[in-house]
Amino acid sequence: MNIIEAKNLVHEYIREDEEGNVEERLVALDHMDLHVKPGQFISVLGHNGSGKSTFAKHLNALLEPTSGSLWVNGMDVTKEENILPVRQSAGMVFQNPDNQIIASVVQEDVGFGPENIGVPTEEIWQRVEKSLKSVGMWEYREHSPNKLSGGQKQRVAIAGVMAMEPKCIVLDEPTAMLDPDGRKEVLAAVHQLNKEKGVTIILITHYMDEVVDSDYVYVMDQGKVVMDGTPRDIFSRVEELKEHRLDVPQITLLAYELKNAGLDLPDGVLTREELVSELCRLRDSNPNGSEVKDNKE
Amino acid sequence: MLRDITIGQYYPADSIIHKLDPRVKLFGTVIFIISLFVFDGLPGFLLITAFMAFFIRLSKVPFSFMVRGLKAVVMLVLIASVFNLFLSPGEELVSFWKLTITDTGLKNAIFMTIRMVYLILGTSVMTLTTTPNELTDGLEKALGPLTKIHVPVHEIAMMMSIALRFVPILIEETDKIMKAQMARGADFESGNLLKKAKNMVPLLVPLFVSAFRRANDLALAMEARCYNGGEGRTKMKPLVYAKRDGVAYVVLMGYLVLLVAVNSLL
């Protein structure tokens with residue numbers, strides 16, 4: 001069974017004038033299809049305004065679809081009585097770390113979600129301990145969130161979601177406001193949760209580098225899923241990505257340009273190590289380096 | 001100047017007052033405030049002073065730290081007592097130029113000063129020994145019965161704790177906006193009071209806009225974490241009375257009885 005199943009999902013933002021007449025219709029999601037299997041690490045890519053954040057908000061029942069259907073963990077999100085269970089099974093982490101931490105002590109913030117769903121006091125403390133440890137923030141439990149770095153705040157936010165024991169976590173551009181160190185630290189925490197706890201991850205982002213390690217990638221543009229496949233698949237289609245105003249990771253781009261220049265490299269090189277080993281292979285199989293150079297010219 | 005205000009600050013220490021249930025401290029503060037306004041004459045004054053000194057000692061908060069909190073209100077106290085001194089009717093004591101000091105005026109001025117100073121000191125015993133979270137929790141629990149007459153107690157307590165959480169963030173933001181506007185030539189320092197107030201507009205408008213945006217984001221984040229009002233919520237740190245809280249209640253009641261006795265007998 002799929003944990004997330006979107007069929008023909010449509011969402012329109014409608015702007016009305018004072019009399020209630022429709023002034024403008026903006027189609028944010030345009031007949032979108034997408035499914036996620038439990039335990040997967042999924043990335044959704046898209047430039048600004050591609051509808052990816054709108055989609056994320058649907059997964060948490062914060063927005064209601066205009067038409068089409070969306071099932072989360074076997075529950076129809078359009079049904080009123082499903083809203084709270086859906087929010088509990090699909091936790092959400094937002095972009096701005098400051099605006100999603102509610103309490104003024106780290107551990108109390110993590111306890112906020114369990115408090116809301118009526119978990120008994122003793123179990124709240126167990127869950128808080130477990131989820132803070134799973135993101136490596138246990139030592140900071142008594143701290144004020146104002147004194148933490150951006151990456152640490154985002155990890156606290158992830159712990160806050162984990163304490164509700166969700167089946168999947170939706171991260172809506174969680175690293176957009178962080179420095180490179182903070183980004184690394186948040187992504188490492190997310191990957192660890194995916195591997196060790198088996199939580200399904202849906203990472204919404206426009207940073208290509210963050211997508212490389214995911215199981216499956218969806219690319220969105222103008223409210224539609226325009227490409228999907230494994231990261232290797234997606235990144236071998238450099239030209240197509242450029243049409244959707246997206247860049248490929250620098251390493252992939254370098255490999256792509258080298259290949260265009262005549263080197264015998266495979267498509268969709270994702271990491272630096274991969275490129276290095278491929279280049280070494282070329283060098284070894286072709287000891288006369290100047291020949292390659294000739295080809296290039 | 002902002003640093004001088006000790007009201008609303010927390011002073012961490014390991015004392016019996018710190019450990020008391022916030023409801024007891026709230027109740028005690030209310031009793032203390034009432035007693036400030038009903039006492040009359042020297043015996044009452046001595047009793048209140050002894051009571052306050054006793055609790056300040058118990059709280060282990062340095063007295064000098066508390067007095068710092070008074071600095072912010074010195075002007076207010078001064079103005080209030082000067083008005084009382086010169087503008088009360090009664091028998092004339094001294095008179096010069098157009099001003100007269102009467103006996104009731106003198107008495108009122110002295111008592112007014114004492115009341116206000118004690119009010120600040122007494123309430124700061126509570127705020128210095130209770131974290132903002134404990135305070136809102138205590139308030140929520142103590143006022144709980146009011147929900148029956150449709151007072152949104154939980155919501156008020158939630159708003160208070162969120163406001164406290166965002167104070168440092170908004171101060172930081174004010175600082176940032178101020179610097180950004182100064183870089184564009186805004187002037188926050190020169191001019192008279194009216195001009196200064198006018199110059200605050202380019203500071204306040206962006207601050208409000210950003211505060212609203214934050215509020216919107218936060219509401220979304222709270223909803224995403226299943227926040228659904230106070231109903232069906234459990235507590236991570238439920239308030240439970242300990243033995244010392246009972247003792248504190250007895251002490252407070254004893255104080256109240258003593259005060260009434262002193263007032264009516266003497």
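Helices are DSSP runs of H or I with at least four residues, and strands are runs of E with at least two, numbered from the N terminus. The model is predicted: local features need pLDDT of at least 70, side-chain atom pairs count only at pLDDT 80 or more, and totals for chains, interfaces and linings use all residues. Residues are numbered from 1 along each chain as its sequence is written, chains are lettered from A in the order in which they are written, and side-chain values use heavy atoms without hydrogens or water.

A cavity is a set of points, on a 1 Å grid over the protein atoms alone, where a 1.4 Å probe fits but cannot get out; lining residues have an atom within 4 Å of a point. Volume is the space filled by probe spheres set on the points, which are joined across faces, edges and corners. The count is 3 cavities of 30 Å³ or more.

| Cavity | Volume | Top helix in lining |
|---|---|---|
| Largest | about 240 Å³ | H2(B), 5 residues |

The largest cavity has 15 lining residues; closest to its centre are B:Lys25, B:Gly28, B:Thr29, B:Phe55 and B:Val125. Helices H2 (22-38), H3 (41-59), H6 (103-129) and H11 (243-265) of chain B each supply at least two lining residues. Its lining holds 11 nonpolar, 3 polar and 1 charged. Here Ala, Val, Leu, Ile, Met, Phe, Trp, Tyr, Cys and Pro count as nonpolar, Asp, Glu, Lys and Arg as charged, and the others, Gly among them, as polar.

The second largest cavity is lined by residues including A:Phe235, A:Tyr256, A:Lys259 and A:Asp267. Helices H8 (231-236) and H10 (250-260) of chain A each give at least two of its lining residues. That lining has 6 nonpolar, 3 polar and 2 charged residues.

How values were computed
1 Å grid on protein atoms, 1.4 Å probe; cavity = no way out; pocket = protein on both sides within 12 Å on 5 of 7 lines; lining within 4 Å.
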